[in-house]
Amino acid sequence: MDTIVLASRNKHKIEELRDTLAPLGIQLKSTYDFPELEEVEEDADTLEGNALKKACYVHKQTGLPALSDDTGLEVDALNGRPGVYSARYAGENASYKDNVDKLLDELADLPMERRGAQFRTVAAFVTDDDSHTFEGVCRGMIITEERGSGGFGYDPIFLPAAYKKTFAELDSEIKNEISHRGKAIQKFYNWIEKQK
């Protein structure tokens, strides 16, 4: 296995995955390398379902092993919302800012001790022979206003447990190590190393 296609058009996500997987020495392509690929509608009702759907489609179209992920922010006080709808929480064409604003509005009256949340990522890897999923979770809380200019999505309002900086304020190396996506991809990394 010398090439894997990252089933994503999210430049931030591709960058994070490339950084994490670089030591494997496997050539990483993305859907940008295959302009004929269509956008996969993420209409499954679970993160696992969306990740597998994207990886299966990209594998089938390219003939190469495909890696995809789906991530949700799960807020305790909102019974796990926005969850699988995190990217379109404020509507189908919502910006990161629209989603953040909607979430902050919903939590406006809650004290800090009731603002617990977790980011959860499920990565899916699909080959001719099999499919595997890998889950990563990062606990933390939602703060009351945005802080930091790094990262993307809900990063400026997510304070990971045991840290005083939001994901948007943390150095990318630290973030990749402790984040939900970092943990899921590390599990994938460990698994693929054993396959060599």
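Two strands are said to pair if DSSP finds at least two bridges between them, and this is the sense in which the word is used in the legends that follow, which describe a predicted model.

**View 1. Strand E5 pairs with strand E6 in the antiparallel sense.** Within the pairing, Ala123 has Phe134 of E6 as its bridge partner. The two strands, E5 and E6, form a hairpin, and four residues lie between them.

**View 2. Strand E3 also pairs with E5 in the antiparallel sense.** Strand E3 runs over residues 66–75, and its pairing with E5 is made over 10 bridges. One place to look is Leu73, whose bridge partner in E5 is Phe119.

**View 3. The residues of strand E5 are buried on both of the sides to which they point.** Gly116, Gln118, Arg120, Val122, Ala124 and Val126 point one way from the strand, whereas Ala117, Phe119, Thr121, Ala123 and Phe125 point the other way, and all are buried.

View 4. What do polar atoms of the Arg115 side chain reach instead? A polar atom of that side chain lies 2.7 Å from the backbone oxygen of Leu107, and the side chain also reaches the backbone oxygen of Leu110 at 3.2 Å. When neighbours within four places in sequence are left aside, the residues in contact with Arg115 include Leu104, Ala108, Gly140, Met141 and Ile142.

**View 5. The whole chain contains five helices and seven strands.** Starting from the N terminus, the elements follow the order β-α-β-α-β-β-α-β-β-β-α-α. The C-alpha atoms fill a box of roughly 50 × 30 × 25 Å along the principal axes. For 196 residues, a compact globule would have a radius of gyration near 16 Å, and the chain, with 17 Å, agrees with this. Buried residues account for 50% of the 196 residues, and among the contacts between residues at least 6 apart in sequence, 57% join residues at least 24 apart.

Terms used
Residues numbered from 1 in each chain as written. Predicted model: local features only at pLDDT ≥ 70, side-chain atom pairs only at ≥ 80, totals over all residues. Heavy atoms only, no water. Buried < 20%, exposed > 50% of the residue type's maximum accessible area, 1.4 Å probe, protein only. Polar contact = N/O pair within 3.5 Å; in protein donor to acceptor, adjacent residues only side chain to side chain. Contact = heavy atoms within 4.5 Å. Rg over C-alpha atoms; globule rule 2.2 N^0.38 Å.
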